[in-house]
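Have a look at the model first, then read on.

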Amino acid sequence: MKYTLMASLLMLSRPVFAHDIDHEHIHTEDGWNAKAGFVSDVDVKARLWSARGKNQEEIEARASYLANQFDSPRTPEEKAKDQAFKQRFKDAIFVNTILPAALGVKGFSKADVAKGFQRNVDAGVSLMSVSTYNFPDSQISDELNTFSQTNDLANELGLKKIHTVKDLRNNHRQGKASYVMNTQGADFAIADMSLVEKYNAMGVKQMNFVYNTDNALAGGGTNNNSGVTELGKKFIRRANQAGVLIDVSHSSSQTAIDAAKYSSKPIIASHSNAYGLLPIGRNLNDEAIIAIGDNGGAVCSTGVGMFLNKEGDASPEAFAKHVVYTANLIGKDRTCFSTDYLHNYEDFLTTMLPYDEKFPPELGFGAPTENTTVEQGWVVARVLSEQYGWSDSEIRGFLGENVLRVYEASWDTAQ
């Protein structure tokens with residue numbers, strides 16, 4: 001078998017073919033070997049598979065295969081213990097810092113979004129941060145329409161939009177679930193920084209610079225070799241002044257380090273795991289985690305199995321390992337919870353698998369993976385309590401109070 005080493009540096013706007021990939025790889029029969037392992041060009045049931053050049057039927061077959069393995073399983077006995085633990089903390093504020101469920105984003109129907117909202121409410125979530133924007137091509141229409149449609153549906157379902165942590169606490173006392181909106185990229189701000197204030201007024205309280213790949217504001221986690229630009233510094237100052245929380249998940253570790261340095265307010269990694277446990281670009285290295293902690297911010301571990309370990313195991317025990325690792329670096333009071341759970345996973349994959357520059361299989365994206373469900377946030381807390389000896393106060397911090405401190409620093413003290 002003949003092997004050919006190829007390492008092509010491509011502009012993202014160029015077409016990308018199977019033989020012309022922006023990551024080092026060695027071609028073999030029916031695929032190539034890359035950093036994350038063998039990428040098949042033919043077998044939709046392989047661990048890693050390339051959607052490049054594939055037809056719709058092949059993409060749908062891959063999406064169906066992956067979706068059947070998504071939920072992290074629990075036995076009836078485990079569920080009974082989980083429920084008893086949840087009852088102990090029934091008055092606690094429970095925050096899910098990332099909920100991908102918005103109308104106007106590709107792959108999300110109204111039924112999908114409603115299901116995501118309702119599942120979080122049923123799980124006892126007090127506040128959900130709803131992702132409404134990733135990158136320009138992820139939107140069906142402009143982001144303003146997404147914000148408006150998503151707000152309308154949330155209101156139909158009885159959710160209460162908040163602008164401050166004080167609003168949340170008032171809603172919680174009344175037994176009402178709250179939401180805010182976030183963006184996982186800020187390409188819209190590159191040409192018009194005034195949109196930071198405009199969108200904040202609409203309820204977008206948290207913004208990231210970039211969704212995986214570099215833009216004019218900062219470096220993304222895909223290449224993971226650049227940080228905040230001069231324009232990105234202006235974005236930070238604008239967000240700080242407006243009361244918008246800076247998020248660095250999907251950004252590079254250097255971007256996280258820079259953001260922590262330049263932000264006058266605490267920042268957040270809303271859904272990021274530890275590179276020290278799984279060295280992939282989507283996770284943050286120790287220096288980045290420590291920088292966020294030193295800034296007064298918080299790092300919210302997340303339930304995507306392929307960000308937790310090589311096996312894609314998203315059990316609460318696997319999740320808790322990242323929480324504890326993070327706590328050992330920056331303190332238990334700087335940890336928090338997110339699922340990044342897609343309630344329309346098969347439809348999402350069907351839409352997004354072709355975006356190989358955002359989700360390159362050479363780096364492990366698109367592998368079979370479980371996801372910690374929102375209900376299992378309580379189970380992660382139980383693992384922290386029973387296996388790691390966290391106190392009840394520390395558990396309440398992990399469930400919500402830690403991240404509320406970070407939210408409050410931006411939202412309740414806006415200039």
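## Ground rules

Buried here means under 20% relative accessible area, exposed means over 50%, and partly exposed is anything in between (1.4 Å probe, protein chains only). Helices (H or I, at least four residues) and strands (E, at least two) are DSSP runs, numbered from the N terminus.

This is a predicted model, where local features need pLDDT of at least 70, side-chain atom pairs count only at pLDDT 80 or more, and totals for chains, interfaces and linings use all residues. Residues are numbered from 1 along each chain as its sequence is written, and side-chain values use heavy atoms, with hydrogens and water left out.

Let's start with strand E13, residues 298-302: five of its five residues are buried. Ala298, Cys300 and Thr302 point one way, while Val299 and Ser301 point the other way.

On one pairing, E13 runs parallel to strand E12 (residues 268-269) over two bridges; strands count as paired if DSSP finds at least two bridges between them. Ile268 has Ala298 as its bridge partner in E13. To get from E12 to E13, the chain passes through helix H10 (residues 286-294), in a right-handed β-α-β crossover (clockwise from the first strand over the helix to the second, with the strands pointing away from the viewer). E13 also runs parallel to strand E14 (residues 335-338), joined by four bridges.

## The disulfide

Which residue of E14 is the bridge partner of Cys300? It's Cys336, and these two cysteines also form a disulfide, with their sulfur atoms 2.1 Å apart (the cut-off is within 2.5 Å). The pair links Cys300 in E13 to Cys336 in E14, 36 residues apart. A search of the whole structure turns up one disulfide. The link is left-handed, at -85° about the S-S bond.

Both ends are tucked away: Cys300 is buried at 0% relative accessible area, and Cys336 is buried at 1%.

## Salt bridges

There are 17 salt bridges in the whole structure, each a side-chain nitrogen of Lys or Arg within 4 Å of a carboxyl oxygen of Asp or Glu. One of them joins Arg52 and Glu362 (2.8 Å, N to O), across 310 residues of sequence. Both Arg52 and Glu362 are buried.

Arg396 pairs with Asp91, their closest N and O atoms 3.0 Å apart. Arg396 lies in helix H15 (residues 392-411) and Asp91 in the loop between H2 and strand E6 (95-100), so this pair ties together parts 305 residues apart in sequence. Arg396 is partly exposed at 28% relative accessibility.
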